[in-house]
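Please look over the sequence and the structure below before reading on.

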Amino acid sequence: MTNNDQLIINKVLKGNTNAFSELINTYKDLVFSLAVKITKNREEAEEISQDTFVKAYKNLSKFKGDSKFSTWLYRITYHTCLDALKKNKKHTNSFELNEITLNQIQTTDNALQTLERKERAKIMDRCLLQLPEEERSILWLFYYKELSLREIIEVTSLSEANIKVKLHRGRKKLLTIVKDTFEPETIAHYGRK
């Protein structure tokens, strides 16, 4: 957490409710992007973002500074998204995982690493959307937001072992999706040195 965040939090806790808008302006894009990644719905993500900041404001006195403010906010966002998805029950994903050899994973990894960054981001975004919400959000937090395992544990309230399993499974599913989405010749071409 930055010193600036703590100063703003102290102002809010002392009664300056307008200071909270500074935190909203700082973190609104992070909250919204996580909500969109989990829900796959911009309108729902906007509503979740609002709910997240309302919850954060109401519970600001419970924030002890043991973690970064952004991690605490991610946790609220993550759980608000899960609650919204449970209510809607529209987003049920079933996915059959084919066996993947370590060599296939490595070949796909090598192929993706050689794609241009922009192209890779588009591919990964499209493929990530096909994963179940929980795995998609954990992969997104780990790879895109570069949160540590400890921070993801704080955000999701899952155990370290559970996070590692979900990262492993999510990565395997993602690689299967990438492999099935793009022509094998394309992957093979990019995999050449």
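A crossing is left-handed if the near helix is turned anticlockwise from the far one by less than a right angle, and right-handed if it is turned clockwise. Helices here (H or I, at least four residues) and strands (E, at least two) are DSSP runs, numbered from the N terminus. The model is predicted: local features need pLDDT of at least 70, side-chain atom pairs count only at pLDDT 80 or more, and totals for chains, interfaces and linings use all residues. Residues are numbered from 1 along each chain as its sequence is written, and side-chain values use heavy atoms, with hydrogens and water left out.

**Overall make-up**

- The protein has 10 helices and zero strands, and from the N terminus on its elements run α-α-α-α-α-α-α-α-α-α.
- Of the 193 residues in the protein, 40% are buried; buried means under 20% relative accessible area, exposed means over 50%, and partly exposed lies in between (1.4 Å probe, protein chains only).
- Contact means heavy atoms within 4.5 Å.
- Among the contacts with a separation of 6 or more, 70% are between residues 24 or more positions apart.

**Helix packing**

- Two packed helices are described by the angle between their axes and the distance between the axes.
- Axes are lines fitted to C-alpha atoms, for helices over the stretch in contact, and angles run from 0 to 180 degrees between N-to-C directions.
- Angles under 35 degrees count as roughly parallel, over 145 as roughly antiparallel, 65 to 115 as roughly perpendicular, and the rest as oblique.
- α3 and α4 pack at an angle of about 130°, and their axes are 9 Å apart.
- These two helices, α3 and α4, are therefore oblique to each other.
- The crossing of α3 and α4 is right-handed.
- On the α3 side the residues that meet α4 are E44, I48, D51, T52, F53, K55 and A56, while α4 brings W72, L73, I76, T77, T80, C81, D83, A84 and N88.
- α2 and α3 pack at about 135°, with 8 Å between their axes, and that angle makes α2 oblique to α3.
- α2 and α3 also cross in a right-handed way.
- Their contact includes F20, L23, I24 and Y27 of α2, and R42, E44, A45 and E46 of α3.

**Nonpolar cores**

- A nonpolar core is a set of buried Ala, Val, Leu, Ile, Met, Phe, Trp, Tyr and Cys residues joined through side-chain atoms within 4.5 Å.
- The largest such core has 27 residues, and Y74, L141 and L174 have the most contacts inside it.
- Two or more residues of this core come from each of α2 (20-39), α3 (42-58), α4, α6 (117-128), α7 (133-144), α8 (149-156) and α9 (160-181).
- Apart from this core lies another one, of 16 residues, which include A19, F20, L60 and F63.
- Which residues does Y74 touch, not counting those up to four places away in sequence? They are L30, L34, W140, L141, K145, L147 and V155.

**Helix α7**

- The 12 residues of α7 should span 16 Å at 1.5 Å a residue, and its end C-alpha atoms are 15 Å apart, which agrees; the expected span is 1.5 Å times one less than the number of residues.
- Buried residues of α7 are E133, E135, R136, S137, I138, L139, W140 and L141.
- S137, at 1% relative accessibility, counts as buried.
- Leaving aside neighbours within four places in sequence, S137 is in contact with L34, I38 and Y78.
- After α7 comes E146, whose phi is positive, near 55°.

**Other single residues**

- S70 lies in helix α4 (residues 69-88) and is buried, with a relative accessible area of 15%.
- The C-alpha atoms of S70 and V31 are 8.9 Å apart, although the two residues are 39 residues apart along the chain.
- F63 is in the loop between α3 and α4, and at 9% relative accessibility F63 counts as buried.
- F63 and I9 are 54 residues apart in sequence, with 9.1 Å between their C-alpha atoms.
- K40 sits in the loop between α2 and α3; its phi is positive, near 60°, and K40 is not a glycine.
- At 35% relative accessibility, K40 counts as partly exposed.
- S157, in the loop between α8 and α9, has a positive phi of about 65° although S157 is not a glycine.
- At 41% relative accessibility, S157 is partly exposed.
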